Amino acid sequence: MTALSMPEPALIPEAELAAIRADFPILQRQVRGGVPLVYLDSGATTQRPTPVLHAMEDFATGRNAAVHRGAHALAEEATEDYEEARGDIARFVGARPEEIVFTSGTTGAINLLVSSLDAASTGRGGPAAWQFALTRGDRIVVTQAEHHSNLVPWQELAARSGAELAWLRVGPDGRLRLDDLSQVVTAHTKVVAFTHASNVTGAVTDVATVVAAAKGVGALTVLDAAQTAGHMPVDLPGLGVDFAAFSGHKTLGPHGVGALYGRLDLLEVLPPGFYGGSMVEIVTMTEATFQPPPTRFEAGTQPVTEVIGWAAAVRYLSEIGMARVEAHEAALTARLLAGVAGVPGVRLLGPPGIDGRLGCVAVEFDGVHPHDAGQYLDSLGFAVRVGHHCAQPVHRALGTHTSTRATLGVYNTPAEVDAYAAALATVRPYFGVGE
Amino acid sequence: MGVGGFGAGLGSMEQLYQQLILDHSRRPHGKGLLEAFDGESFQVNPTCGDQVRLRVTLAPDGARLATLGWDGQGCSISQASISVMNDLVAGLALPEVAALGEAFGLLMHSRGRGVPDQVADSLGDAIAFEGVSQYPMRVKCALLGWMALKDAVAKAAAGDSSPAHVPEGI
Ligand SMILES: Cc1ncc(COP(=O)(O)O)c(C=O)c1O
């Protein structure tokens, strides 16, 4: 089995961190009648630095136009910006620009892929697309660790195609049980869709091992990189997956934009699943021919301003350096995990150490419901997420149904993490539990 | 860096977590499913996955709520709200149950601006949940049981005593 990466934890130096924080005006906010905000919900959505906002404003005020249509000056400039942005996003994940399809987010990307596979399953795309077709007797493999957006679309595709849905289980430490791969990924498996990291346990998947099992039976691999893309260096071609999805708003960019990555040789023969303007070549009253990828998959007017903002976001991250982002968050995570370990009546969902783990720290309080804990923490200024975080099955697998989750970002400080750990210790006493 | 200060945030926490609410949440009333029932409902709070399954029986004339029993898991607001509701509605005529549900809905959507006196008076102990209305994300918690009640009563009144749909593997 391939070893999981173990980043060398290293905080970003204080002065540099202060400068980074100054780029995020929202971090100066006070909430709930005057307590300073401590933003620990970057796993849900990251905050945006001013360069992102400025890039969006510059575009909207100076170059706004629909792209890939029209030949006037603005249309030309906007198209140029849009394609440059595609290049930036592609570089960020080690891909070629043509391998990046803009979508509304990770959810949009997975649904887009599922629509295409569904189209292939009904014969669209011709013989070249038969490799994507699913039918009765085939198997789609997912995992118990999936966010609903990388689970429900596959349930639906299974129901429509007649394929069977199977899944890898999660062990008590929150990691996927990769020992079961050979039983679950059978010869009939056509697709293996799995998360790069759980948005509950923070466990990072050993991608190479899953890819090897899938390749062994000729199955397509689909990686949900929503949680990892903004927090560690991600090289999608290097990981060897066929498709991947990630979101702008989890990588310091705006809402409403994300990408589907697809290996170019696959995108070239994959039929579209969404149809409309811009993605076609010739349209008659009865049929249409389609553009090459990625345009084939970008039907309709695109959210160009958001794409431009997202590109500024990944450039911002790249300037800091993703390895340093990862190291900083690892140092904060180590601190937070140590803090959590010392709080009585608190159970950690997920691996206890930083090896192969993101700064996503979900806990359960003995005797206090997460909604109540979250409300109390919120009154102290801590923005954490409570509930199932759109991942009900993994909670169930870990013997619970909800949790209180803190997720870190590059702009978080050791002081914030320490304050949060200290506050965790006051939750149960506040509710009169466990004295 | 001043982080994690104790500011005004805790003040409205006290309004939210009234003693009555904490007491009911620790020892909820009416918990336990009825074996035989005239109407059943299963409701989920989509943000947290909290669930309640609630069963009612009607009086022989079909005009009153006779008994209520429920089971579920949830935060103190949702559990206390069901418990207080349980105490308020047992034995009421069905239109009174509906009116009470509407009054509670009004309270929940008041955004902390209060409700007319007659509405407040009709609510009895349920007025303790007024603080919840200042937290839009928690309103669903307080309404969970009331939604289940409305649904179960409607089914009972329509003679539909079929079990509620509960997803497999939950
Ligand atoms: C692991 C994972 N997958 C998918 C998603 C969905 O992303 P989006 O809501 O941006 O489509 C999320 C976001 O919550 C996530 O954490």
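Visitor: How much accessible surface does chain A have, and what share belongs to carbon and sulfur atoms?

Guide: This is a predicted model. In it, the accessible surface of chain A is about 16,100 Å², with 55% belonging to carbon and sulfur atoms.

Visitor: What secondary structure does chain A have?

Guide: Chain A has 14 helices and 17 strands.

Visitor: And what box do its C-alpha atoms fill?

Guide: Along the principal axes, the C-alpha atoms of chain A fill a box of roughly 75 × 55 × 35 Å. The radius of gyration of chain A is 22 Å, which agrees with the value near 22 Å that a compact globule of 435 residues would have.

Visitor: What part of chain A is buried?

Guide: Of the 435 residues in chain A, 60% are buried. As for contacts with a separation of 6 or more in chain A, 71% are between residues 24 or more positions apart.

Visitor: Let's take one helix. Which residues of α7 in chain A are buried?

Guide: Helix α7 of chain A covers residues 207–216, and its buried residues are A:Val207, A:Thr209, A:Val210, A:Val211 and A:Ala214.

Visitor: Now the ligand. Which residues are around it?

Guide: The residues around the ligand are A:Thr106, A:Thr107, A:His147, A:Ser149, A:Thr195, A:Asn199, A:Asp224, A:Ala226, A:Gln227, A:Ser247, A:His249 and A:Lys250. This shell divides into nine polar residues, two charged and one nonpolar.

Visitor: Which side chains have an N or O atom 2.6 Å from an oxygen atom of the ligand?

Guide: A:Gln227 has a side-chain N or O atom 2.6 Å from a ligand oxygen. The side chain of A:Ser247 also has an N or O atom 2.6 Å from an oxygen atom of the ligand. With A:Thr106, a polar backbone atom is 3.3 Å from an oxygen atom of the ligand.

Visitor: How much of the ligand does the protein cover?

Guide: On its own the ligand has 390 Å² of accessible area, and the protein covers 88% of that.

Visitor: Switching topic. Where is A:Ser379, and is it buried or exposed?

Guide: A:Ser379 is in helix α12 of chain A, residues 370–379. A:Ser379 counts as buried because its relative accessibility is 2%, and the cut-off for buried is under 20%.

Visitor: Which backbone oxygen lies 2.6 Å from a polar atom of the A:Ser379 side chain?

Guide: That is the backbone oxygen of A:Tyr376.

Visitor: Why mention it?

Guide: Because most peptide bonds are trans, and most residues other than glycine have a negative phi.

Visitor: Which arginines have a positive phi?

Guide: A:Arg32 has phi near 45°, and B:Arg111 has phi near 50°. A:Arg32 is in the loop between β1 (30–31) and β2 (35–36) of chain A, while B:Arg111 is in the loop between α4 (94–108) and α5 (117–122) of chain B.

Visitor: Are they buried or exposed?

Guide: A:Arg32 is partly exposed, at a relative accessible area of 37%. B:Arg111 is exposed, at 51%.

Visitor: On to chain B, then. What is its pattern along the sequence?

Guide: Chain B reads α-α-β-β-β-α-α-α-α, with six helices and three strands. Its radius of gyration is 17 Å, close to the 15 Å from the globule rule for 170 residues, so chain B is as compact as a globular protein of that length.

Visitor: How far does the C-alpha trace of chain B span?

Guide: About 65 × 45 × 25 Å along its principal axes.

Notes: Residues are numbered from 1 along each chain as its sequence is written. Chains are lettered from A and ligands numbered from 1 in the order in which they are written. This is a predicted model: local features need pLDDT of at least 70, side-chain atom pairs count only at pLDDT 80 or more; totals for chains, interfaces and linings use all residues. Side-chain values use heavy atoms; hydrogens and water are left out. Helices (H or I, at least four residues) and strands (E, at least two) are DSSP runs, numbered from the N terminus. Buried means under 20% relative accessible area, exposed over 50%, partly exposed in between (1.4 Å probe, protein chains only). A polar contact is a pair of N or O atoms within 3.5 Å; within protein, one must be able to donate a hydrogen and the other to accept it, and residues adjacent in sequence count only if both atoms are side-chain atoms. A residue is near a molecule or strand if one of its heavy atoms lies within 4 Å of it. Accessible areas come from the Shrake-Rupley method with a 1.4 Å probe; for residues, only the protein chains shown count as cover. Ala, Val, Leu, Ile, Met, Phe, Trp, Tyr, Cys and Pro count as nonpolar, Asp, Glu, Lys and Arg as charged, and the others, Gly among them, as polar. The radius of gyration is taken over C-alpha atoms; the globule rule is 2.2 Å times the number of residues to the power 0.38. Contact means heavy atoms within 4.5 Å.
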